[in-house]
Amino acid sequence: MAADAAGLRRAAELLRQESVCAFPTETVYGLGAHAFSAKAIAEVYRLKHRPSWNPLIVHVASAADAEALAHEWPEAARLLAERFWPGPLSLVVERAHHLPASGGPATVAVRVPAHPVALALLRECGLPLAAPSANRSESISPTTAEHVIRSLPDVPLVLDGGPCRFGIESTVVDVTVSPPRLLRPGALSLRAIRDVVGALRLPGALDKGDARSPGLAHRHYAPRARLRLVDDPATLAEGADPGTVGILTHLPAVAEGAHVELLSADPLEYGADLYAALHRLDDAGVATILAQLPPEGDDWLAIHDRLTRASAS
Ligand code: TXA
Ligand code: MG
């Protein structure tokens, strides 16, 4: 549905009735629900087939609204919120005691999204909105309204805000510890975060997951096709022929063929198109995707993370 005044009104009405609706953010589309309605949250988990141990990020319209959900608002939270909100950063803080017990962690992840439709919806409904990516658990995150409808056909309403600008989920940082700790690399670069807080602790092995950020522990972001990360461009070129193999690469010279997705060598542009490219390769019906290992470096961290998870079996 168009994200105009009527669409926003209808979406807000659904949310107040403890139903759900999908909406665009600057990262990926989210499946929104009143964050403290047990009924609405249960619907999110049911539609996504999401395991109940994986907690949700709560979206709010302002830093003040986020602070109201926290038991403590550390200095790092204040600085990061001031610098990067609205924007693709989620902060894990101690959960305020007045919030309904979730049965989950004693913390809550909060963020103020930068997409005008997301902000308009938050204001229109007046509720804090839990919003995981609007896809079936473990599959590719949606960066267009059409991706949402294909992955979750039973969602009652999808507000269409066009393709997402970043196309990669928010960076998740735990500010309950000092120095703050990275839980999920994402659209906001580590460099940007370090500029504000100084040191940032990295989990020992990002790709092996971390029990403290439950969502990192498993196969995720995976296309239907089997995705294999490949270091040597020659292997890609050899794999390019059969109609059952798709290629994902940022190296123009590597391969030509029906199922080659050539992405940008710029990490921001690469990230913005990554999920859409995986969707296209799935649509093409390939059985295997050979993905060229992207360059090293902080700017590619989130992309490495998503590709590694997509290739986990
Ligand atoms: O960009 C995004 O963050 C998107 C858009 C829609 O805002 N949302 C998103 O949500 O990616 P989801 O549910 O797919 O991912 C939430 C991540 C998971 O890795 C989860 O484990 C982690 O945040 N998380 C949520 N609450 C947490 C908490 N209290 N402590 C640690 N990790 C938490
Ligand atoms: Mg997700």
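I looked for aromatic pairs and found that the structure holds three of them. I note here that the model is a predicted one. A pair of aromatic rings is described by how far apart the centres are and by the angle of the planes.

I took W73 and W85 to begin with. Their ring centres are 6.1 Å apart and their planes stand at 45°, so I wrote this pair down as tilted. The angle falls between the cut-offs of 30 degrees for stacked and 60 for edge-to-face. I then looked up where the two residues sit. W73 is in the loop between helix 3 (63-67) and helix 4 (75-84), and W85 is in the loop between helix 4 and strand 4 (89-94), so the pair ties together parts twelve residues apart in sequence. Both W73 and W85 are buried.

I went on to Y221 and Y275. The centres of their rings are 6.0 Å apart and the planes are at 10°, so this pair is stacked. The pair links distant parts of the chain, 54 residues apart. Y221 lies in the loop between helix 7 (190-197) and strand 9 (226-230), while Y275 belongs to helix 9 (residues 267-283). I checked accessibility for each. Y221 has a relative accessible area of 4% and is buried. Y275 also counts as buried, at 1%.

**Around these tyrosines**

I looked up H220, which lies in the loop between helix 7 and strand 9. Its relative accessibility is 16%, so H220 counts as buried, the cut-off being under 20%. I also noted that H220 and E138 are 82 residues apart in sequence but 4.1 Å apart in space, C-alpha to C-alpha.

In helix 9 I picked out A276. A276 has a relative accessible area of 12% and is buried. Which residues does A276 contact, leaving aside neighbours within four places in sequence? I found T143 and H147. From A276 to H147 I noted 129 residues in sequence and 8.4 Å in space, C-alpha to C-alpha.

I looked up the domain assignment, which gives domain 1 (5-211) and domain 2 (226-310) for the protein chain. Their centres, taken over C-alpha atoms, are separated by 27 Å. The contact takes 23 residues from domain 1 and 19 residues from domain 2.

Next I turned to the second largest pocket, with a volume of about 410 Å³. I sorted the lining residues by type and got 15 nonpolar, four polar and four charged.

**Helix 2**

Last, I read along helix 2 (residues 38-48). Its buried residues are A40, I41, V44, Y45, L47 and K48. An α-helix has 3.6 residues a turn, so residues three or four places apart point the same way. I looked for what covers the buried residues of helix 2 and found strand 2 (30-34) and strand 6 (129-130) among the covering parts. Just after helix 2, I noted that H49 takes a positive phi of about 55°.

Definitions and conventions:
Residues numbered from 1 in each chain as written. Chains lettered and ligands numbered in written order. Predicted model: local features only at pLDDT ≥ 70, side-chain atom pairs only at ≥ 80, totals over all residues. Heavy atoms only, no water. Phe/Tyr/Trp six-rings, centres within 6.5 Å; stacked < 30°, edge-to-face > 60°. Helix = DSSP H or I, 4+ residues; strand = E, 2+ residues; numbered from the N terminus. Buried < 20%, exposed > 50% of the residue type's maximum accessible area, 1.4 Å probe, protein only. 1 Å grid on protein atoms, 1.4 Å probe; cavity = no way out; pocket = protein on both sides within 12 Å on 5 of 7 lines; lining within 4 Å. Points joined across faces, edges and corners; volume = space filled by probe spheres on them. Nonpolar A, V, L, I, M, F, W, Y, C, P; charged D, E, K, R; others polar. Contact = heavy atoms within 4.5 Å. Domains from an automatic or database assignment.
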